[in-house]
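User: Could you walk me through this one? I am new to reading structures, so please spell out the terms as we go.

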Amino acid sequence: MTWIKRIGFFLLTNILIMTTISIVTTLLGSMGFSIRAYGLDLTRLIVFCLMWGMAGSFISLLLSKMMAKWSMGVKVIDPKNASAPEMDVYRRVQSLAQRAHLPMPEVGIYDSPEVNAFATGPSKSSSLVAVSTGLLNRMNAQELEGVLAHELSHVANGDMVTLTLIQGVVNSFAMFISRIIAYIASNAVKEEMAHIVRIAVTILLDIVFSILGSMAVAYFSRQREFRADAGGAKLAGRESMISALESLRQMVDMPEDPRGEALASFKISSNKGGFLSLFATHPALEERILALKQMR
């Protein structure tokens with residue numbers, strides 16, 4: 001049931017972010033400065049919503065690499081003072097980065113039984129690729145090559161920045177629509193109740209729209225996984241990429257590190273199917289393998 005908890009964490013994070021923004025902006029009187037004698041000033045409102053909606057996403061992006069190192073305990077590999085296994089990972093990333101015409105990212109290893117890897121960072125020139133000790137212990141050289149190629153494809157595609165932009169736009173849109181509806185609702189009640197109704201409706205709809213918006217963000221995240229798989233296949237070979245995903249599929253009971261819930265959308269592992277797959281950041285492994293087999 002770990003994948004359900006992961007989706008729950010994804011939704012809860014978005015809800016908490018939107019609720020916090022909603023409460024803060026309400027206390028600051030964000031609606032007030034948009035209301036004029038003639039009605040709601042939509043231009044001012046949308047500028048305000050874009051400012052707040054995008055700010056949180058970009059702050060998260062700028063801190064992403066530092067937070068990943070801290071939360072997962074990533075040990076960055078120093079090629080001048082590295083063990084043989086560490087140098088093997090470093091050289092593989094170096095070779096793949098050269099093939100992808102990318103600046104050399106930081107390469108790290110984190111101690112965890114989970115079989116996983118992730119890429120993060122604010123830009124192509126300031127990225128981090130990290131693999132777990134569980135992955136290094138359980139995957140062979142070909143499979144490791146596929147995983148690293150997949151993560152570097154995320155960097156090459158600028159997925160971290162794009163996902164940040166989409167999350168920011170979704171948050172801004174949710175704030176904008178919820179405040180318009182809250183304004184309409186407040187005009188439908190007595191004047192002495194208007195302010196309370198406006199605050200209550202704003203917070204409630206911010207939460208509702210953040211949940212609905214999570215579906216759009218998750219959909220994009222699933223599409224970028226297909227693109228990263230295709231990019232990994234081009235860098236390391238299709239068989240290496242398929243082999244890595246097949247290996248993951250066989251590890252149905254593999255442990256997952258709870259420290260990495262916030263990085264779930266940047267990891268290589270996948271979620272199951274069903275209704276909750278609408279909120280999943282990864283497609284089912286079977287879908288990803290089939291897409292690679294059909295790729296020309």
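User: Is Q223 buried, partly exposed or exposed?

Analyst: Q223 has a relative accessible area of 28%, so it counts as partly exposed; buried means under 20% relative accessible area, exposed means over 50%, and partly exposed is in between, with a 1.4 Å probe and protein chains only. This is a predicted model, in which local features need pLDDT of at least 70 and side-chain atom pairs count only at pLDDT 80 or more, while totals for chains, interfaces and linings use all residues. Residues are numbered from 1 along each chain as its sequence is written, and side-chain values use heavy atoms, with hydrogens and water left out.

User: Which helix does Q223 lie in?

Analyst: Q223 lies in helix α7, where helices are DSSP runs of H or I with at least four residues, strands are runs of E with at least two, and both are numbered from the N terminus. Q223 and T281 are 58 residues apart in sequence, yet 9.0 Å apart in space, C-alpha to C-alpha.

User: And S210, buried or exposed?

Analyst: S210, which is also placed in helix α7, counts as buried because its relative accessibility is 5%. From S210 to Q167 there are 43 residues in sequence and 9.8 Å in space, taken between C-alpha atoms.

User: At what angle do α6 and α7 cross?

Analyst: The axes of α6 (residues 159-187) and α7 (residues 191-236) cross at roughly 155 degrees and come within 7 Å. Axes here are lines fitted to C-alpha atoms, for helices over the stretch in contact, and angles run from 0 to 180 degrees between N-to-C directions. The two helices are therefore roughly antiparallel to each other, given that angles under 35 degrees count as roughly parallel, over 145 as roughly antiparallel, 65 to 115 as roughly perpendicular and the rest as oblique.

User: What residue classes make up that contact?

Analyst: The contact of α6 with α7 has 17 nonpolar, six polar and six charged residues; Ala, Val, Leu, Ile, Met, Phe, Trp, Tyr, Cys and Pro count as nonpolar, Asp, Glu, Lys and Arg as charged, and the others, Gly among them, as polar.

User: Changing topic, how are α3 and α5 arranged?

Analyst: Helix α3 (residues 84-99) packs against helix α5 (residues 141-156) at an angle of about 50 degrees, with the axes 10 Å apart, and the pair is therefore oblique. Within α5 sits L148, which counts as buried because its relative accessibility is 0%. L148 and R92 are 7.8 Å apart in space, C-alpha to C-alpha, and 56 residues apart in sequence.

User: Where is the kink in α2 centred?

Analyst: The kink in α2 is centred on S64 and is about 55 degrees, where the bend at a residue is the angle between axes fitted to the seven residues ending there and the seven starting there. S64 is one of the buried residues of α2, which also include L45, F48 and L61. After α2 comes G73, whose phi is positive, near 65 degrees.

User: Which residue other than glycine has a positive phi?

Analyst: H101 has a phi near 55 degrees, a positive value in a residue other than glycine. Most residues other than glycine have a negative phi. H101 lies in the loop between α3 and β4 (106-110), and it counts as exposed because its relative accessibility is 73%.
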